[in-house]
Amino acid sequence: MNRVLDNLCRTSQVLFTVGPGGVGKTTLAAVLGLQAALSGRRTLVMTVDPALRLADALGLGKVRPGRRVTISGRRLERHGLQLRAGLEMVMLDTGRSLAAAVSRQVASRKLQRRIVEHPFFQRMCEDLAGAREYAAMEELYHRLQRGEHDLVVVDTPPANHALDFFDAPEKVLQVLDRRAWRWLMRPALLAGSVGRRTLDFSSGYIVRTLSRFTGMKFLAELASFVNLFAGALEGLRQRAEHLRQIMRSDRSAFVLVAVPEHHPAEQALRLGRRLAAREMTPRLLVVNRCQPPAGALPGSPGWQEGLVRRLVAEEGAGEAAARRAVVALERGHRLQRRLALRDRRRLAALERQAEGRFPLATVALLEQDVHDIAGLEQIRRQLFAPAEARSAPAGREES
Ligand SMILES: Nc1ncnc2c1ncn2[C@@H]1O[C@H](COP(=O)(O)OP(=O)(O)O)[C@@H](O)[C@H]1O
Ligand SMILES: [Mg+2]
């Protein structure tokens, strides 16, 4: 049982899984959510990754973004698991989350519609860098405010986008910083065309000049959008500030995920350092997909001949094929030992590089991809058995 991780699942209000692409962040987020719900916490696992992987890991098939889906207790019972609180998942729908955020900020329905139907708003949802990250933050904040969950596990985008994600509240604060607005408005203010109450950004010099060059009225759109949105700015600023505090407080924890290969391990450590610089030090590094040690081959002399005979007699194999199979078995075994040894060395190196800033936990490579509760449960047991195994009757293999 990993005590650090167990403790995080029991006490954190927000858990972020972070790391390079393809290392198992989504899988781990689902495992942590499962663990928390089994221990009695109402849990939501939220994925920011546009890939449909979370639903896949939970064996849910097709799930529409933006919809909360409840994992049924009955499905888990088939695996000998007893949910003690609700377990839900949701995949971020950028447009929906941003539209909901607007509705929460703007009282008038007419104004809400004008903003949401504004071409800039629509474009922002589709392709503005950071919109997804910002929407995720809004969604997270909203979920925490609602208080329907004891824990929200956030599965973040791969490393290179993860920082955008964690910087989103900061960026909002910067953008909303009064000085920045003043700068944007300055030409118009100087020209005396803007009154204090009616801020008409579209008449700003910068906006007019740049939009001539962009040729797609982008900035003019932005300006009229900002005009519509001005009333909501203070609310947004406060929320961004609040969320930034939550992310830096004990209520949130960051779990780094890596695999024992050189490049992703380096990337994960770098990400860990950058998070630490933002006062969001990871609590743990989970090294996933470690090659398990090779099982022993028979030690008796001449076992190969014995195996060939059995393959021929009992499996109906031709003698030549049986010999080839035994040779391949020995070669595979040697290879597996080498890989396991290499992973052990890399783990030791990672441990040194972590320099005691956070402990390491390992998860073994499973025989198959994780596409259902059974797969998640195998990983959960690696991290949380044996204490939990007492209440989970289905065959425990942990010693
Ligand atoms: N311990 C494991 N053993 C075997 N396959 C795994 C393990 N952990 C994750 N996987 C597989 O690795 C792939 C990437 O995992 P995923 O959680 O989607 O990574 P990420 O979210 O970091 O991109 C998936 O196909 C998943 O089934
Ligand atoms: Mg993922």
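Me: What should I know before we start?
Reply: This is a predicted model, where local features need pLDDT of at least 70, side-chain atom pairs count only at pLDDT 80 or more, and totals for chains, interfaces and linings use all residues. Residues are numbered from 1 along each chain as its sequence is written, chains are lettered from A and ligands numbered from 1 in the order in which they are written, and side-chain values use heavy atoms, without hydrogens and water.

Me: Why is α5 called roughly antiparallel to α6?
Reply: Helix α5 (residues 94-105) and helix α6 (residues 109-116) pack at about 150°, their axes 9 Å apart. Angles over 145 degrees count as roughly antiparallel, under 35 as roughly parallel, 65 to 115 as roughly perpendicular and the rest as oblique, so α5 is roughly antiparallel to α6.

Me: Which residues make that contact?
Reply: Ala 99, Val 102 and Ser 103 of α5 touch Gln 112, Ile 115 and Val 116 of α6, where contact means heavy atoms within 4.5 Å. By class, there are four nonpolar, two polar and no charged residues; Ala, Val, Leu, Ile, Met, Phe, Trp, Tyr, Cys and Pro count as nonpolar, Asp, Glu, Lys and Arg as charged, and the others, Gly among them, as polar.

Me: What makes α1 roughly perpendicular to α2?
Reply: The axes of helix α1 (residues 3-11) and helix α2 (residues 25-38) come within 9 Å and cross at roughly 65°. That angle makes α1 roughly perpendicular to α2. Leu 5, Asp 6 and Cys 9 of α1 meet Leu 32, Gln 35 and Ala 36 of α2, and by class this contact has four nonpolar, one polar and one charged residues.

Me: Which residues come nearest to ligand 1?
Reply: Of the 19 residues around ligand 1, the nearest are Lys 25, Thr 26, Thr 27, Arg 53 and Val 370; a residue counts as near if one of its heavy atoms lies within 4 Å.

Me: How do you know that Thr 27 makes a polar contact with ligand 1?
Reply: A polar side-chain atom of Thr 27 lies 2.5 Å from an oxygen atom of ligand 1, and a polar contact is a pair of N or O atoms within 3.5 Å. For Lys 25, a polar side-chain atom is 2.7 Å from a ligand 1 oxygen atom. An N or O atom in the Thr 26 side chain is also 2.7 Å from an oxygen atom of ligand 1.

How values were computed
Axes fitted to C-alpha atoms, helices over the stretch in contact; angles between N-to-C directions. Helix = DSSP H or I, 4+ residues; strand = E, 2+ residues; numbered from the N terminus. Polar contact = N/O pair within 3.5 Å; in protein donor to acceptor, adjacent residues only side chain to side chain.
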